[in-house]
Amino acid sequence: MRIIASPAVVLIVMAAGAGAGSLGALLGIGGGVFLVPFLNLVIGLPFLSAAGISLMTVIATSSAVSAYSSGRQLINLRLGMVLEVATVLGAFVGSLAVGVLSDRQLHLLFAAVMAGIALIMMTRLDRRNVILDPTVDPGTLGGRFYEQESGGEVSYRVRRLPLGLGVSFAAGVLSILLGIGGGTLKVPALNAWCGVPMRAAAATSAFMIGVTALAGAIKYYVRGDIRPELAAAAVLGVLAGSRAGFWIGARARAKGLKALMAAVLGGVAVIYFFK
Amino acid sequence: MKATYELFGRLLTAGVTLSAACLAVGLAVAFAGRTRDVTPPAARLLLDAGLIVLMATPLLRVLVSLSEEVRNRNWFFAGITFIVVVVLAATLWTAL
C-alpha cells in the first residue's frame with residue numbers, strides 16, 4: 001500500500017486542521033469553510049477528496065463539542081431530533097449528487113456559499129430570544145437552560161418550525177456536496193427566525209451536524225476519496241484547534257477577527273468563481 | 001432527560017477519544033515503520049479503524065436515542081429517530 005503524503009505534508013495538514021478548528025470554534029462556524037479551500041487550493045487535493053476529509057473533521061468536532069455541551073444542557077434534544085430528519089434527508093439527496101456535479105459546478109456552488117457565509121458573518125443579529133421566567137411552559141420543542149447573563153434559568157419557545165426544517169434540509173445538501181458543517185446556515189436561521197437563543201442554536205446545530213456529515217463521509221470513504229493519513233492529521237488538528245478556539249473565545253472578543261475572516265471567505269469565493 | 005444528556009456525553013467522549021487514539025497511533029506507526037513510501041499494514045488498519053470509530057460514534061448516538069425514546073414510550077420522537085436511522089441505512093446502501 002503506497003502513500004504519497006510525506007510526513008511534512010501530514011504535519012502541514014495537521015497544522016491547517018488546528019488553525020481551521022480554532023478559527024471555526026472562535027467564530028462559531030466550524031472549520032470546514034477554511035479547511036476545504038486549503039486542502040484543495042494549497043495542498044492540491046481534488047475537491048471531492050478535500051470535502052470528504054473535511055466531513056470527517058465535522059464529525060469529530062460535532063462529537064467533541066456535543067460531549068462538552070451535554071454537560072451544560074445547552075443542546076435541545078427534541079428540536080435537534082426533529083430537525084435531524086430534514087438535515088439527514090438533505091444529506092441523502094446531497095450524497096446522491098456526489099460525483100455527479102462537475103468540478104466547475106462545485107466551484108461555483110462553493111463560491112456562492114462562501115460569499116453567503118461571509119455576508120451572514122457580517123450581519124448576524126445574535127437575538128437573545130429568552131423568557132426570563134423559567135416557569136413558563138416552553139412547549140414541546142422549546143427549552144430551558146442556565147444563562148450566565150441573567151444569572152438564572154431561562155426559557156425559550158420555538159417558532160416557524162417549517163422554516164427551520166427547510167433551512168436544515170438545504171444545509172444537509174450543501175454540507176455533503178461542499179464538505180462544510182452546515183451550522184453556518186442553521187444557527188443564524190434558528191436564532192433569527194425560529195426563536196432559539198444563539199448558544200442553544202449553536203449547541204443544537206453542533207449536535208446535528210455529526211449525523212449530517214456521517215451520511216456524506218460514508219459515501220466519500222466508500223468511493224475511496226478520503227486519504228486516511230491526511231484525514232487522521234486533519235481530524236487530530238481540528239480536535240486540538242477547536243479546544244484552543246473555545247479557550248480563546250471565552251477570553252477574547254472576536255469581532256475584528258470576524259470581519260477579517262469574512263474578507264478571507266469573500267476572497268476564497270472570488271478565487272473559486274474564476275477557477 | 002438529564003440521564004440521556006449524561007449518556008450522550010459519555011458515549012461521544014468515548015467515541016472521539018478511541019478514534020483519536022487509533023488515528024494518532026496509526027500515524028505514528030505509519031511514519032515510524034514506513035520504507036520507501038510503503039505504509040505498514042498495521043498503520044493502515046489503525047487509521048481505518050480510527051475513521052470507522054469516528055463515523056460510528058454519531059450513528060451509535062442515534063441508535064441510543066431511538067432505544068431511549070422507545071424505552072420512555074415517546075412514540076413520536078421514536079418514530080422520527082427511526083426515520084433518521086432508515087435514511088442513514090439508505091445512504092450506506094447507496095454508497096456500497
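Biologist: How many residues from chain B and chain A take part in the contact?

Modeller: Contact here means heavy atoms within 4.5 Å. By that rule, 48 residues of chain B and 51 residues of chain A are involved. Keep in mind that this is a predicted model, where local features need pLDDT of at least 70 and side-chain atom pairs count only at pLDDT 80 or more, while totals for chains, interfaces and linings use all residues. Residues are numbered from 1 along each chain as its sequence is written, chains are lettered from A in the order in which they are written, and side-chain values use heavy atoms, with hydrogens and water left out.

Biologist: What area is buried between chain B and chain A?

Modeller: The size of an interface is often given as the accessible area lost when the parts come together. It's found with a 1.4 Å probe and summed over both parts. Here that comes to about 4,400 Å², and carbon and sulfur atoms give 77% of it. On the chain B side, B:Tyr5, B:Met55 and B:Phe77 supply 15% of the area that chain B buries against chain A, more than any other three residues.

Biologist: How many salt bridges are there between chain B and chain A?

Modeller: A salt bridge is a side-chain nitrogen of Lys or Arg within 4 Å of a carboxyl oxygen of Asp or Glu. Between chain B and chain A there are two. In one of them, A:Arg78 pairs with B:Glu69, with the closest N and O atoms 3.9 Å apart. That pair runs from helix α4 (residues 77-97) of chain A to helix α2 of chain B. Helices are DSSP runs (H or I, at least four residues), numbered from the N terminus.

Biologist: Which helix gives the most to the side of chain B that touches chain A?

Modeller: That's α2(B), with 14 residues. By class, that side of chain B has 30 nonpolar, ten polar and eight charged residues. Ala, Val, Leu, Ile, Met, Phe, Trp, Tyr, Cys and Pro count as nonpolar, Asp, Glu, Lys and Arg as charged, and the others, Gly among them, as polar.

Biologist: At what angle do α6 and α7 of chain A pack?

Modeller: Angles run from 0 to 180 degrees between N-to-C directions, using axes fitted to C-alpha atoms over the stretch in contact. Helix α6 (residues 161-178) and helix α7 (residues 183-192) of chain A pack at about 170°, axes 9 Å apart. So α6(A) is roughly antiparallel to α7(A), a label for angles over 145 degrees.

How values were computed. Helices (H or I, at least four residues) and strands (E, at least two) are DSSP runs, numbered from the N terminus. Angles under 35 degrees count as roughly parallel, over 145 as roughly antiparallel, 65 to 115 as roughly perpendicular and the rest as oblique. Buried area is the accessible area (1.4 Å probe) that two parts lose on being put together, summed over both.
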